[in-house]
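Subject: Structure handover

Dear colleague,

Please find below the structure I promised to pass on, together with its sequence. My notes on what was found in it follow directly after.

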Amino acid sequence: MRLFFGSCLTLILAAAIGLGATWLMVTRGIAFGSLTIGAWTAWPKSGSVDIDPYARAAIARTGELPIGTGDGVAFYARTDDSGNVFDGRCTFTIGGMTPAARYWTLTLYDAQGRLVANTLDRHGFTSAEIVREKDGRIAINVGPRAQPGNWLPSGGTEEFVLVWRLYDTPIGVASLTTKEGPMPKVVRKGCL
Amino acid sequence: MMRLPLWILGALLLGGIVHLSTVLAMPEAATQDAYSRLERLSPVNTVVQLPAPSAQNTTMPFMDPAFAVAICRYDLSTGALKLRAPLSQAYTAITFYTRNSVAYYAINDRAAGRRAIELDLMTPEQHAQMPEEGDVTAADRLIIESPTRHGLIVLRALAPEPGLMAMARRALAGAQCRIEPVPAQ
């Protein structure tokens, strides 16, 4: 009898531990070989056959297609430089030099990867359309209220994700070490 | 009751096995992965343009709205695939994915260096069966081996400004993929 209860307990516990760990790893987007610069994190290996099993499982679940290594690299940010989670009711500024790439795009998504509705129908910027400062620096304001300059509306969504995609870039392709481009700084300015 | 730690240790070990096997099985079991989503939208071995992502409707999560996107869902069972894609004025990239969304090859317009990207996609077996004669033409032809029979080719053309989206879409409209039946031997 004790053996029976023991095995039942073990099996139930094993299923809970195993499935729980899988759920955690896959939903949190944990993958190995990440490259973090400031608030921005990229997984350059996810765009190649060297993709690890956790990233493969996460991609299978969400249904996205990772950007191929020969195409570019995507940097994701969910917080600003000091760790404040992106909240659509707050204003954040993105400023500084942009890394070396033939083109880049910056896009705002909700936590599930959908675009966020707004009256301007603007979901991001490309390197070709952005208005730069005299010294070539960029300054983008992300927030719910209209602002002068480069305004990226966050539509008041609760939580958002910024994705900076560099196309035709040496970053992350040559090596995972410090071929660090200068990624723009992200700072929270205030909340509604 | 002395055995309880042993039972728990056994549960931990078994849990580890369950964890690893579910992670490895997920790509095979997924029903909402990119290929399954696109299967509903596109016939096989044909280039189809995807609708632009919007807040209400997006084919896949995290699509870059600055790009026009076309896909060719391929099946190499009956022969090799010929792909031809004209380049847009800004930036064009073609990425090859296996059935399970692993990007095994990507090429952009600069690497192609011509007005159009032309290439042949085949399985390693089909590549091995190719006649040897064409050393001269081989240098001219880009041959890519697909690790799987089924997969996805994603063609993407950048619209650097929203007004150039029509240009990017026009460029992709000229893209073609078709199967070249294996010649009978």
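To begin with one residue, A:Phe32 touches A:Trp43, A:Asp52 and A:Tyr54, leaving aside residues up to four places away in sequence, where contact means heavy atoms within 4.5 Å. A:Phe32 lies in the loop between α1 (2-27) and β1 (35-37) of chain A, helices (H or I, at least four residues) and strands (E, at least two) being DSSP runs numbered from the N terminus. Its C-alpha atom is separated by 23 Å from that of A:Asn84, which is 52 residues apart from A:Phe32 along the chain.

Please keep in mind that this is a predicted model, in which local features need pLDDT of at least 70 and side-chain atom pairs count only at pLDDT 80 or more, whereas totals for chains, interfaces and linings use all residues. Residues are numbered from 1 along each chain as its sequence is written, chains are lettered from A and ligands numbered from 1 in the order in which they are written, and side-chain values use heavy atoms, with hydrogens and water left out.

Turning to chain B, its secondary structure comes to six helices and nine strands. The radius of gyration of chain B, taken over C-alpha atoms, is 21 Å, well over the 16 Å that the globule rule (2.2 Å times the number of residues to the power 0.38) gives for 185 residues, so chain B is more spread out than a compact globule. Chain B is divided into domain 1 (1-30) and domain 2 (34-181), with bounds that come from an automatic or database domain assignment, and 40 Å separate the centres of these two domains, taken over C-alpha atoms.

As for the interface, 57 residues of chain B are in contact with 59 residues of chain A. The area buried between the two chains (the accessible area, with a 1.4 Å probe, lost on putting them together, summed over both) is about 4,600 Å², of which carbon and sulfur atoms give 67%. B:Trp7, B:His19 and B:Phe62 supply 17% of the area that chain B buries against chain A, more than any other three residues.

Across this interface the rule finds four salt bridges, each being a side-chain nitrogen of Lys or Arg within 4 Å of a carboxyl oxygen of Asp or Glu. In a salt bridge, the side chains of A:Asp168 and B:Arg110 meet at 4.0 Å, N to O.

Best regards
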